[in-house]
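Please look over the sequence and the model shown here before reading on.

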Amino acid sequence: MGSVESYLLEKHIVVVDDEAALRDLVTSIFEQEGFSKVTTFASPLEALAYCRQAKANGETVDLFVLDVMMPVLDGFALLGEIRAIQGFQRTPALFLTAKDEPSDRIDGLGRGADDYIAKPFLPQELVLRMLAVLRRCYARESPSIDLGFCKVDLDTAEVERPDGTVMLTAKEHDILEVLAQNRGRIVTIDALSNACWGDSFGYENTLMAHVRRLREKIEEDPSNPTSLVTARGLGYKLNVRG
């Protein structure tokens, strides 16, 4: 699927789900992306015991991916127990679950989760959201985006063009940020819509309109784009210099 920043690929991800098929699927998705430190547990109690021994064993966890509906200890309760362990109070967590009612989302986020993804899910949606959590929690200063014709500063939403500076709108910034985080890789329409609006249904035309206006700001010839290109039938890709 392309490359991810090398420092992120070193992060240790712990997946806790009592369904073997889901554990295998999530592990496969992460490993295909280049993550080699993925540890899985079928039992929340085993995961909890591992966390309690991790510090003594010199091990760290950089992200938890937790199911909610598990026997003995559900994901919400498990996260609460993990948060009580010295050294894990601020470790990010992502819920991956079949419970998708608004009250469940509010409950999960209210208990300290950094994101909440409903099953079934698109593999790329999981990757994008997981990477967004890691980048937010383990941020490194990144240079401006060099697109050849212009340079974009995502911190200030400014586009430096030969004819002056133009500003990105909030949604243009969101779209470009997701594409920049996945530079050189195709981001599907559904995954991009999910990342920017939290949903994929009914946003294709809206996304196309934003992309058209974005190209007018970052492309030398918007009708023949070379930076923000369309992968027909799939989505969009951002080509960045360097």
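Predicted model: local features only at pLDDT ≥ 70, side-chain atom pairs only at ≥ 80, totals over all residues.

Residues are numbered from 1 along each chain as its sequence is written, and side-chain values use heavy atoms, with hydrogens and water left out.

**Domains**

The protein is divided into domain 1 (6–141) and domain 2 (144–238), with bounds from an automatic or database domain assignment. Their C-alpha centres lie 29 Å apart. Nine residues from domain 1 and 11 residues from domain 2 form the contact, where contact means heavy atoms within 4.5 Å.

**The second largest pocket**

The second largest pocket has a volume of about 230 Å³. A pocket is an open set of points on a 1 Å grid over the protein atoms alone, where a 1.4 Å probe fits, with protein on both sides within 12 Å along at least five of seven lines; lining residues have an atom within 4 Å of a point. The volume is the space filled by probe spheres set on the points.

Each domain supplies at least three residues of this pocket's lining. Among the lining residues are Asp115, Arg129, Asp174, Gln181 and Cys196. By class, the lining has five nonpolar, three polar and four charged residues; Ala, Val, Leu, Ile, Met, Phe, Trp, Tyr, Cys and Pro count as nonpolar, Asp, Glu, Lys and Arg as charged, and the others, Gly among them, as polar.

The helices in the table each supply at least two lining residues. Helices (H or I, at least four residues) and strands (E, at least two) are DSSP runs, numbered from the N terminus.

| Helix | Residues |
|---|---|
| α6 | 123–137 |
| α7 | 170–181 |
| α8 | 189–197 |

Of the helices, α7 gives the most to the lining, with four residues.

**Helices α8 and α9**

The axes of α8 and α9 (residues 204–218) come within 10 Å and cross at roughly 85°. The two helices are therefore roughly perpendicular to each other, a term for angles of 65 to 115 degrees. Ile189, Leu192, Ser193 and Trp197 of α8 meet Glu204, Thr206, Leu207 and His210 of α9. This contact has four nonpolar, three polar and one charged residues.

**Backbone details**

Most residues other than glycine have a negative phi, and most peptide bonds are trans. The bond from Lys119 to Pro120 is cis, with omega near -5°; Pro120 is in the loop between β5 (115–118) and α6. Val72, not a glycine, has a positive phi of about 70°, and is found in the loop between β3 (63–66) and α4 (75–83).

Note on methods
Axes fitted to C-alpha atoms, helices over the stretch in contact; angles between N-to-C directions. Parallel < 35°, antiparallel > 145°, perpendicular 65-115°, else oblique.
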